[in-house]
Amino acid sequence: MRDATVERRVRDFLASWGPPVPPEAGDVRLPDFEKQCEAFLEIAPPVVSSIMGLFAPDFVHECKRRNIAWFCCVTTLAEALQARDAGADAIVVQGIEAGGHRGSFDAAAAARQNGTLFALLPRIATKIQDLPIIATGGIADGRAVAAALILGASAVQIGTGFLRCPEAKIARPWADALQELEPEETISTRAFTGRLGRAIATDYAIGASAQGAPEPAAYPVQRGLTANMRELGQKTNDLHRMQAWAGQAAALAREEPAGDFARRLWKDAEDLLPPAFKQAAQTRTVGAG
């Protein structure tokens with residue numbers, strides 16, 4: 001529900017960070033979700049993924065009828081069980097270390113659902129043994145890949161680790177800021193979109209969480225209100241006005257082609273895995289082929 005008082009306070013606060021924000025900036029309309037689902041069914045990709053909740057049963061049914069696998073992002077064991085019972089084909093376990101939006105089903109609960117990846121993985125892997133588990137959050141080198149596999153993951157998902165790769169094409173100040181970025185130099189904030197997400201602790205992100213700063217508007221209204229500031233940041237290469245998502249392992253990102261990065265991580269992980277584990281993984285790979 002829109003709150004005119006909250007939005008006015010946010011607009012006043014943002015006026016010191018960019019161009020004036022008109023009241024209509026909050027009139028954001030999300031894409032038609034049902035039409036998006038219809039497009040997926042028509043295209044029929046091998047996989048569709050979800051975050052911040054479950055797909056509708058009818059859509060899940062149609063995906064299965066078309067052999068489209070559903071990967072569901074979760075942040076707690078309870079969410080993982082809901083995803084399994086709803087028909088997910090794989091569970092993506094997101095730790096609090098992850099950059100970008102938090103995948104919690106309930107936006108109001110996201111701030112307290114703060115399980116780390118390596119605490120969540122063994123817990124969920126013990127309870128759900130009939131589905132592949134994909135680990136994400138704070139993984140950006142071979143050591144973390146190997147650890148995730150040993151703790152029960154079938155695969156890993158990497159985001160921030162790829163951001164310095166040329167294929168990512170992010171703004172230069174954002175890419176440069178990831179170098180040697182310490183975990184504590186990231187922040188979980190609702191200040192960009194209204195949904196909790198982890199970003200570089202820029203001046204704006206810190207200022208928006210300081211005492212006396214206005215409470216962010218709801219998602220996606222806050223995203224609309226911050227659009228002018230974020231656009232200015234892109235145009236002027238000002239990191240402190242950008243929406244610079246980053247996970248806690250950002251310092252491990254490297255400026256190298258994405259393919260080289262992925263191959264290096266897997267080789268490093270293989271070198272660390274116990275022989276028995278590597279043999280079992282090879283057997284599963286052959287069987288899957």
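Which side chain of opposite charge is nearest to Glu79, and how far away is it? Let's work through that and one more exercise together.

This is a predicted model, in which local features need pLDDT of at least 70 and side-chain atom pairs count only at pLDDT 80 or more, while totals for chains, interfaces and linings use all residues. Residues are numbered from 1 along each chain as its sequence is written, and side-chain values use heavy atoms, leaving out hydrogens and water.

**Exercise 1: Describe the setting of Glu79.**

Step 1. Glu79 is buried (under 20% relative accessible area, 1.4 Å probe, protein chains only).

Step 2. The nearest side chain of opposite charge is Arg102, 7.1 Å away, and Glu79 has no salt bridge (a side-chain nitrogen of Lys or Arg within 4 Å of a carboxyl oxygen of Asp or Glu).

Step 3. The Glu79 side chain does reach the backbone nitrogen of Phe105, at 2.9 Å.

**Exercise 2: Work out the sheet order and its edges.**

Step 1. Five strands make an open sheet, ordered β1-β2-β3-β5-β6, with parallel pairing (strands pair if DSSP finds at least two bridges between them).

Step 2. β1 (47-50) and β6 (155-157) are the edges: each has a single partner strand, so one side of each lacks a neighbour in the sheet.

Step 3. Take β5 (residues 133-136): 3 bridges join this strand to β6, and Ala135 has Val156 as its bridge partner in β6.

Methods: Helix = DSSP H or I, 4+ residues; strand = E, 2+ residues; numbered from the N terminus. Buried < 20%, exposed > 50% of the residue type's maximum accessible area, 1.4 Å probe, protein only. Lys, Arg positive; Asp, Glu negative; His and termini not counted. Polar contact = N/O pair within 3.5 Å; in protein donor to acceptor, adjacent residues only side chain to side chain.
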